[in-house]
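Try each task before reading its solution.

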Amino acid sequence: MATPSLHPMPAGAEPTGDAVSAPRAGFWKRQLRQWHWISSALCLMLVLLFAITGITLNHADTLEAEGKNSAAEYELPAPLVQDLSAIEDEAVLTRSQASALRESTGIDLSGRVARNEYGEMYFDLARPGRTANLTLDLNEGRAYHEVIDRGTIAMLNDLHKGRDSGVVWSWLIDISAVIFVIFALTGFGLLWLQARLKPSTWPLTGLGVILPIIAYLLFVHS
C-alpha cells in the first residue's frame, strides 16, 4: 500500500514554482537529448574526417606525399579533329564527340564544356588529391593527358577544403556544418540543465571558450 504524502496539496491550491518548472525542465531535457543523439549519429563520420584532416592539413608539408607524375599522348581521328575544330564559342561536347574522345583517350568528357582557342582545347580534370588535365591540339591532331597524383593524405585534405570535389560534396559540407551547430548547441543545453549537479561544468566550459581567445591574442594577433 502506498504511503500517503505527509504534506498533501490542498484541493484547489496552485502548484509551486518547483512543481511547474520540473515538467518543463524534463520536456527540454528530453528534446535536447533527442536532437543531440540524432545529430551526433548523423555527423559522427564527418566529425572524425574533419578532425583528423584538421591535423593532416596543419602538417601538410610533412605528411603529404610527393606527387607522382604520369603523362600520355594520343592520336585523334581526322573526322573528330574536324568536328571539334568547328567549335568556336564555349559549348558542351555532344554525345558523339564525348564518345569518340573516350574511344581515343579512355577519358570520359561527357557534359564538359569545350572551347577552341587557336586550335587548342583544355580540360581541367582535377579531383581531390589529384591534378589532371587533357589538352587537345587540333592543329597536330593529338591529345596530351597529364596526371599528378599527390596521395591519400592530399585527397583527404582536399575533401576537408572542398577542393575539386564537386557541387554535391560542397552541399554535404554545408549541411554537415549545420548539423555540427545543432550538436554543439544541444550539448550546451544539456550542460545548462546538468550544471547544478556537476560543479565543474562551467569552469570547464569557460576554459574551452577562453583558451582559443588567449591563443589568438597572444600568439596570432599582431
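**Exercise 1.** Keep in mind that this is a predicted model. List the residues that Phe-123 touches, leaving out those up to four places away in sequence.

The largest nonpolar core has 19 residues, and Phe-123 is one of the three that touch the most other members, along with Leu-84 and Leu-136. At least two residues of this core come from each of α3 (78-85), β4 (120-124), β5 (130-137) and β6 (142-149). Another core, of 5 residues, lies apart from it; Leu-46, Leu-49, Phe-50 and Trp-169 are among its members.

**Exercise 2.** Work out how β5 is joined to β4 and to β6.

*Solution.* Take the β4 side first. β4 and β5 run antiparallel and are joined by 5 bridges. Within this pairing, Glu-120 stands opposite Asp-137 of β5. The hairpin of these strands has 5 residues between them, and Gly-129 takes a positive phi near 80 degrees.

Now turn to the β6 side. Here 8 bridges join β5 to β6, again running antiparallel. Ala-132 stands opposite Val-147 in β6. This hairpin has 4 residues between its strands, and Gly-141 in the turn has a positive phi of about 70 degrees.

Finally, check how covered β5 is: 6 of its 8 residues are buried.

**Exercise 3.** Decide whether Ile-210 is buried, partly exposed or exposed.

*Solution.* First find Ile-210, which sits in helix α7 (residues 201-220). Then read its relative accessible area, which is 44%. Buried means under 20% and exposed means over 50%, so Ile-210 counts as partly exposed.

Ile-210 belongs to a nonpolar surface patch with Val-209, Ile-213, Ile-214, Tyr-216, Leu-217, Leu-218, Phe-219 and Val-220. Together these residues have about 940 Å² of accessible area. For context, in soluble globular proteins nonpolar side chains tend to be buried together.

Definitions and conventions:
Residues numbered from 1 in each chain as written. Heavy atoms only, no water. Core = buried A, V, L, I, M, F, W, Y, C linked by side-chain atoms within 4.5 Å. Buried < 20%, exposed > 50% of the residue type's maximum accessible area, 1.4 Å probe, protein only. Contact = heavy atoms within 4.5 Å. Patch = residues over 30% accessible without salt bridge, like charges linked within 9 Å, V, L, I, M, F, W, Y side chains within 5 Å. Areas by Shrake-Rupley, 256 points an atom, 1.4 Å probe, with all protein chains shown as cover. Salt bridge = Lys/Arg side-chain N within 4 Å of Asp/Glu carboxyl O. Pairing = 2+ DSSP bridges.
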